[in-house]
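Hi,

Here is the structure I promised to pass on. Have a look at it first, and then read my notes below.

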Amino acid sequence: MMINKKTVLAASVALACSFPSFAEQTFRIVVEANNNKASIVKSALQAKNVKIEKEIKSLESFAVTINKAQLAEIAGLSNIKAFYPDVPRKLMSEEPMQFLPYGYTMVQADKVQYQGGQKVCVIDSGYGLSHPDLPSAGVTGSADGGAGVWYEDPFGHGTHVAGTIAAIDDNKGSAGIVGDHSLDMHIVRVFAGNGSWAYASDLAGAIDECQQAGSTVISMSLGGKYSSPIEERAINKVARNNILMIAAAGNSGDASHSYPASYDSVVSVAAVDSVKQHASFSQRSSQVELSAPGVGVFSTIPVGKGRFSKFNVMQDDVNFQHYALDGSRFGSVTGELVDCGRGTESCGDVTGKICLVERGDSPFYSKVEQCEADGGVGVIIRNNIEGQLVGNINPTTLVVGAVMMNEGLHLMEQLGQETTISVAEFTDHDFKSGTSMATPHVSGVAAVVWSNFPECTANGIRLALRASADDQGEAGYDHAYGWGVVQAKAAVDYISEHGCSAPKGAFFRCVSQAAMFGVN
């Protein structure tokens, strides 16, 4: 239907005039010339300094950019058949999506508000300062020992760690423990190149730099086999200055000690998976103090380095994230979760439902095609061996991804529940596993809890985190989980009830929590 130019002009002028403070704001419109009058109209537009963005000769039309004054002038032009807004078009890929890391809710980051006043120092491989999902304001840094500029991270480890602490909660990408831009951070880069090696002296210098920058919490997702006098001296000096230090327990999967985590003045953090099972790689020792999510943790990495599409499974008490199968469609679907065995035969009528299928006996694509033939809208393939599952399928209209073995077994206990699964492309985010990934969860929680009780000492916060942890494994303390999985809200409640009168200075792990807090 042809649009009368006077009608459109009146509407356009009315719209433009409703914003008098934007006299120079530009609009893009389409101008259609009368038959065989395109050259005359073009000359008239050029004479009025109207910018012609595109000429479509076969339609005797022009796409032009004009401002408010020029819009009014066009009303007087002759030989124009019609003009109207050049309305925008966009790619029909999915809108940006956010996957909330499972660790965010597991450590109760959603239940406590950060109140400011803390600074977390991250000693690692650098920081992707240009990352769109990471804060830049309030972030400072330095490089120790010539490792390279702090605001670049060729290895990606430090950027992932920092994202767990402070990725921006903006409905895109991921979200950190403090996701509102308000947490101050200081970055010390000690790893160069591919991030494979640094020395105890590098760490000693970095710890001192963290203190000089005014940090209250130091996060160290690193370690090694042997203790070092210079490293221990630096750590004890900082501890006397009321700074809380947190480090990775180690990934050798045995009972050995890793340093700096195993110094008494440092909180040693073990890793658990998304169902709070102790990670097989996580070290078990008498120095382990707390546990936190460290298996398949979703967080920021250097821009453009993400692998594969990402898959998310959500139920009331479930948040599992891994890789999608290549060939899945993007987007989200919701439906009842049904068990379809290994997907080698019909599961019956599963119209509008999500098929939970075990790995094995047939190719992935065959399992998906069977679910699709039965009316399903999505497929979750559950692994039956340790580790992540990555695979390919024929292009499908279904949303398809995989979960790890423990997660699949958990889902088998949740059949019949409404389940949402999503697939999205995240090129600036990825999954990593290790006690390195567990450590920043504790660092972020410590900063949040301390911000609510700035009068507390570092030892007071440390003991509150121990006393309020979610006990796992053997009852009470054990070498796999320590005192349990760190909990932000529970720690805040604990301090509200018991206070935090622990003194500053040296800390000995064997000290009674009750004695330190003055409670029975």
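Let me start with a question: is the disulfide of Cys456 and Cys500 left-handed or right-handed? The torsion about its S-S bond is about -85°, so it is left-handed. Before you go further, please keep in mind that this is a predicted model.

**The disulfides**

Staying with that pair, the sulfur atoms of Cys456 and Cys500 sit 1.8 Å apart. The bond links distant parts of the chain, 44 residues apart. Cys456 is in the loop between H10 and helix H11 (458-468), while Cys500 is in the loop between helix H12 (488-498) and helix H13 (513-517). Cys456 and Cys500 are both buried.

The count of disulfides comes to four. If you number the bonded cysteines in sequence order, they pair as 1-2, 3-4, 5-6, 7-8.

Another of them joins Cys355 and Cys371, with 2.1 Å between the sulfur atoms. Here the torsion about the S-S bond is about 85°, so this disulfide is right-handed. Cys355 belongs to strand S16 and Cys371 to helix H8, so the bond ties together parts that are 16 residues apart in sequence. Cys355 and Cys371 are both buried.

Then there is the disulfide between Cys340 and Cys347, whose sulfur atoms are 2.3 Å apart. Its S-S torsion is about -95°, so it is left-handed. Burial is where the two cysteines part ways. Cys340 has 9% relative accessibility and therefore counts as buried, the cut-off being under 20%. Cys347, at 26% relative accessibility, counts as partly exposed.

**A helix pair**

Next, turn to helix H5 (residues 157-166) and helix H10 (residues 435-452). Their axes come within 8 Å and cross at roughly 35°. The crossing is right-handed. Which residues of H5 meet H10? They are His157, His160, Val161, Thr164 and Ile165. On the H10 side, the partners are Ser436, Met437, Pro440, His441, Ser443 and Gly444. Sorted by class, the contact has four nonpolar and seven polar residues, and no charged ones.

**Some backbone details**

Most residues other than glycine have a negative phi, and most peptide bonds are trans. With that in mind, here are a few spots to look at.

- Tyr259 and Pro260 are joined by a cis peptide bond, with omega of about 20°. Pro260 lies in the loop between strand S9 (244-248) and strand S10 (266-272).
- Asn36 is not a glycine, yet it has a positive phi of about 65°. You will find Asn36 in the loop between strand S1 (26-33) and helix H2 (38-47). Its relative accessibility is 69%, so it counts as exposed.
- Asn171 is not a glycine either, and it has a positive phi of about 65°. Its place is the loop between H5 and strand S7 (184-189). With a relative accessible area of 58%, Asn171 is exposed.

Cheers

Note on methods. Residues numbered from 1 in each chain as written. Predicted model: local features only at pLDDT ≥ 70, side-chain atom pairs only at ≥ 80, totals over all residues. Heavy atoms only, no water. Axes fitted to C-alpha atoms, helices over the stretch in contact; angles between N-to-C directions. Helix = DSSP H or I, 4+ residues; strand = E, 2+ residues; numbered from the N terminus. Left-handed = near helix turned anticlockwise from the far one by under 90°. Contact = heavy atoms within 4.5 Å. Nonpolar A, V, L, I, M, F, W, Y, C, P; charged D, E, K, R; others polar. Disulfide = S-S within 2.5 Å. Buried < 20%, exposed > 50% of the residue type's maximum accessible area, 1.4 Å probe, protein only.
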